[in-house]
Amino acid sequence: MAENTAGSLAAALDGEVALLAKLVADEDDAEGLVAFALHRRAFLDWVTAFEAAEQRKPNEGEIRLFLMGETADRRLAAYRERASLMIDAPKIDPAAAPARPMPTKKPPLRTWFWPWGFSSDFVVADPDAPMNWRGLFLRLAMLGAAVVVTALALRIFFVRA
């Protein structure tokens, strides 16, 4: 059993050394080093997923199959491209001021009909906020009071008994 594990480890190391030689041209090849690091991260993620799915460690053949897919020219080019994008990404200084100021939230307008819940620009402030049932009840009570007062005023001033 220990001999099988040692053989599996030796085969994995041989595959990794070959892949490192394909990805990294020399010790100053930052893009190749980052590409190899991306491959290692993918390999470790694969081993973790394999162990979770199969409830065992991958054997030599399974590791060799994974590395066979990893050494394909398109896969190596994809790793180098992703590494290039990571290296060329602009560096962001957190202490620097933002390029444009953050927009400030303007206070809602209070017009003569503000108790009914809308302003003159008809924008919902936060559609994901929970419903304000107390405010809704208050608005409906005010609307009902306005209807009653209007009906009484019409009865008093315009309807003759």
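Buried means under 20% relative accessible area, exposed means over 50%, and partly exposed lies in between (1.4 Å probe, protein chains only).

**Ground rules.** I am working from a predicted model, where local features need pLDDT of at least 70, side-chain atom pairs count only at pLDDT 80 or more, and totals for chains, interfaces and linings use all residues. Residues are numbered from 1 along each chain as its sequence is written, and side-chain values use heavy atoms, with hydrogens and water left out.

**Overall fold.** I looked up the secondary structure and found 5 helices and 0 strands; these are DSSP runs (helices H or I, at least four residues; strands E, at least two), numbered from the N terminus. Of the 161 residues, 19% are buried.

**Salt bridges.** I took a salt bridge as a side-chain nitrogen of Lys or Arg within 4 Å of a carboxyl oxygen of Asp or Glu. The structure holds 6 of them.

**Glu 31 and Arg 80.** The closest N and O atoms of this salt bridge are 3.3 Å apart. Glu 31 lies in helix α2 (residues 30-54) and Arg 80 in helix α4 (residues 73-88), so the pair ties together parts 49 residues apart in sequence. Glu 31 is partly exposed at 25% relative accessible area, and Arg 80 is partly exposed at 24%. I also noted that Asp 29 joins Glu 31 and Arg 80 in a network of salt bridges.

**Arg 41 and Asp 45.** Here I found a salt bridge with the closest N and O atoms 2.7 Å apart. Both residues sit in helix α2, 4 residues apart, about one turn of the helix.

**Arg 75 and Glu 70.** Their side chains meet in a salt bridge at 3.1 Å, N to O. Arg 75 is partly exposed at 35%, whereas Glu 70 is buried at 5%.
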